[in-house]
Amino acid sequence: MTMTSSQSAAPATLDASRALAAALPLERQVELLTGATMWRLIALPELGARSVTFSDGPVGVRGIGEREGETSILFPTPSAMAAAWDPELARTIGQGFAQEAREHGVDVVLAPQVNLQRTPVGGRHFECFSEDPLLTSVIGSAVVEGLQQEGVAACMKHFIANDSETERTSYTSVVDERVLREVYLAPFEAAVQAGLWSLMAAYNGVDDGAESATMTEHRHLTVDVLKGDLGFDGVVVSDWEATRRAAQAARGGLDLVMPGPGGPWAEGLLAAVHEGLVSPAEIEDKVARVLLLAARVGAFGSDPAATPEHRDLRVLVRDVAARSTVALRAVRGHAPWERPAPRSIALVGSNAQRPHVLGGGSSTVHPAHVVTPLEGLAARWPDARIVVERGGDTRAFAPRLDLDGRSNGLHVTWFDARGDVLGRERVVEHDGWLREIPDGAVEAELACTVALAEPGAHQLSVGTVGVHSTRIDGAVASASDVSVGVDCILDSSANNPDCPAVEVAIEAPREVAILSRHEVVDAAGYGRFVRAELRHALPRRSDDEEIADAVRAAAAADLAVVVVGTNEESESEGWDRITLALPGRQDELVERVLEEAPDAVIVVNAGAPVLLPWLERARTVLWAWFPGQEAGHALADVLAGEVEPEGRLPWTLPARDSDVPVPHAIPQDGVVAYTDGLDVGYRAWERSGAVPAGPFGHGLGWTDWSHRVHAGPRIGPDGAVELDVEVTNTGERRGREVVQVYVEGPEDGPERPVRWLGGFAAVSADAGEAATATVRLAARVFEVWDVQRQAWILPEGEYRLRVGRSVRDIRADAVVRLGASETTRRSL
């Protein structure tokens, strides 16, 4: 890249940035610390720096909303990325994010999400990588490296202990210091070591024993630990609308308030400096960090800092979705259909008809097209006759009303505060949001006439939030006098609004009027809008009839594929789930299909754990995650045996609700107490001895393996331990094995988990061949945080290294004595 005179001023270090910051007037410095818009920072033409742009990004890069009809590549959910147990693949995904970012004009991607999956009901469980701190650290840091090596900043989130959604903007997580250091801080520390450029402060508060404060004001964790102990030189940005107070946030280590314009710093930070509540040096440090971020992403000049290699990201998305699929149950050595092409296929299930390809909330992106299971299987087997049966409705809300096909449009009337009409407009294409609000408008009245043609019971409703009154066919459908603001965005109620439906039964075609009046919602930095999603469900068969038809179709087909799962009503940012059960009558559907078609392939389309009471009855069960936009092609690749489902569970799949160590995350008097301590996720299962449906690390693939430890562990000069494990493919086809090594500590040492992941490595081999996996266990794996000494220490003693296919499927082990030279090995 050719350097211009303006680019030559770009700082390369934090010290160089401080020199630039010091030359700016205080008023200008303060101005730079609040966003210019929802997604942009303020430009610095006097330094030759353009505006830096941000975008949401855990499953793709949505863009900054400045291009009409903008679409993005939709990647599989982060839990799927982690399920590959492949840091190189994660790095490639990061590079893919960077390519998308540059194509959308984005400098900073708000990803990855490295909070831990402490409870399976956590609303953003699907958006996290794993319940294990090491796996999260490895995959998260690889995504960061992939992004940033292409000149696009990662903004890792959410710092810290933000592991559930209920009351997420107000609760305080009580976590002791050792647990924070060893478990929840680990992914952030690894990313800082990998060169992380920015990080997001969470909504919640944390009480770590040293200080109790919201994370936008937590000086101990942000200034002392993150910037001090860990040496983070990047920007700490607030979660959107998270900053509450000016001086406290400034002293607490926050560097940037988003979104803008306006907010606590725009309104009060300069005064806080003049009053002596915040020092000029603190302001200068924040500005220096923002300038360094601008330099790192190439904002000092017109060109990006790097130009990513252009690749077809659809191919990458398809590969990740297929490879990350977890075979929970499988007939060893065989894919479900490697025979000649099936003549007939039954594709059964609500999620077969309407797959759930991403979780709700800020991770939402808008792909140009989603490949459905029907499209994928039809492309794979074009001559097969495919029958699709829903097998019962799993959603509480009806689909969006087809305005173009059933109405002459939506007529909108705008009113001011006096009730006078400001204007009228006709909307033909309506996605449920009105965002272009006339100046002075405080209310909108929506009217449309819907043509109903099909005999039977139609369901009509208007999903909305805030003050409203809705009449359908002359009857009051819903009403509320409770105003809402930015809270409806932060709790995601605006994303999937709930309102009761009105049933309209007809025998002959007729028209039905919808009249709905709404208060304009002022959501602060998210803007002003009216949320009114018109919904319409056609008359349909009963669930009993649909299930019976689905079972008949499955029994008659050569290949039966049942796709069950969650949907946008159950898994989303903003709320925690209230049950682990599949919605609707999906369990009954599977049971009845298996009675008539025992070889049916069951596919689970869910991001977070669900209960599968029929699991042991099925011969083939595939966990397909939220697979992204290439869902149908990836499923077909796996079913046909072209791609092995290499995934291993990055979390524990419960068999019963009662076994779950942390069954909910409901704050008690505003507090979420981390009483599970070091025993997060599978570690608690190891302590309790409860038997899960799928243990952490489980995944069968299409072949089988034996494991053998030939030599004792080696201790390197940096304290890391290496262990060579020979694995032999004892199956009938080529495959990939993830060799997992778990650690058990000395019996007389400090309190530790019963067993914890120490390292992993993957190898591939043909049928009958052997390969050696070298697993490296970093020194930190064996260390504990000593609160008294404020240091990491290594308890001396004998550590047992357990080699397995999962935390419960142990195949070999070895022993290493740290602090002595003796090592031993043993195969099981």
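Visitor: In which loop does Ser492 lie?

Guide: This is a predicted model, in which local features need pLDDT of at least 70, side-chain atom pairs count only at pLDDT 80 or more, and totals for chains, interfaces and linings use all residues. Residues are numbered from 1 along each chain as its sequence is written, and side-chain values use heavy atoms, with hydrogens and water left out. Helices (H or I, at least four residues) and strands (E, at least two) are DSSP runs, numbered from the N terminus. On that basis, Ser492 belongs to the loop between α16 (487-490) and β19 (502-506).

Visitor: What is phi of Ser492?

Guide: Ser492 is a residue other than glycine, and its phi is positive. The value for Ser492 is near 65°.

Visitor: Which loop holds Pro112?

Guide: Pro112 also deserves attention for its backbone: the peptide bond from Ala111 to Pro112 is cis, with omega near 0°. Its place is in the loop between β2 (108-110) and α5.

Visitor: Which element gives the most residues to the lining of the second largest pocket?

Guide: A pocket is found on a 1 Å grid over the protein atoms alone, as an open set of points where a 1.4 Å probe fits, with protein on both sides within 12 Å along at least five of seven lines; lining residues have an atom within 4 Å of a point. Of the 34 lining residues here, Leu134, Ser137, Ala778, Arg780 and Val781 are the closest to the centre. The elements giving two or more residues to this lining are α5 (133-148), α6 (177-184), α7 (186-193), β31 (756-765) and β32 (770-777). With 7 residues, the greatest contributor is α5.

Visitor: How do the residues of this lining divide by class?

Guide: Ala, Val, Leu, Ile, Met, Phe, Trp, Tyr, Cys and Pro count as nonpolar, Asp, Glu, Lys and Arg as charged, and the others, Gly among them, as polar. For the lining of the second largest pocket, the division is 18 nonpolar, 6 polar and 10 charged.

Visitor: At what angle do α17 and α18 pack?

Guide: Axes are lines fitted to C-alpha atoms, for helices over the stretch in contact, and angles run from 0 to 180 degrees between N-to-C directions. The axes of α17 (residues 543-556) and α18 (residues 586-596) are 9 Å apart. Contact (heavy atoms within 4.5 Å) joins residues including Ile547 and Val551 of α17 to residues including Leu589 and Val593 of α18, and by class it has 8 nonpolar, no polar and 3 charged residues. The packing angle is about 35°.

Visitor: What is the handedness of the crossing of α4 and α12?

Guide: Helix α4 (residues 87-103) and helix α12 (residues 313-323) pack at about 145°, their axes lying 11 Å apart. Among the residues in this contact are Leu89, Ile93 and Gly96 of α4, and Leu316, Val320 and Arg323 of α12. A crossing is left-handed if the near helix is turned anticlockwise from the far one by less than a right angle, and right-handed if clockwise. The crossing of α4 with α12 is left-handed.

Visitor: Which residue in β15 is the bridge partner of His411?

Guide: The open sheet of 6 strands has the order β13-β12-β15-β20-β17-β18, with antiparallel pairing; two strands pair if DSSP finds at least two bridges between them. Within this sheet, β12 (residues 410-415) and β15 (residues 443-452) are antiparallel and share 5 bridges. The partner of His411 is Ala447.

Visitor: Which residue of β7 stands opposite Asp207?

Guide: An open sheet of 4 strands has the order β7-β6-β4-β26 and mixed pairing, with β7 (212-214) and β26 (671-673) as its edge strands. Strand β6 (residues 205-207) pairs with β7 in the antiparallel sense over 3 bridges. Opposite Asp207 stands Ser212.
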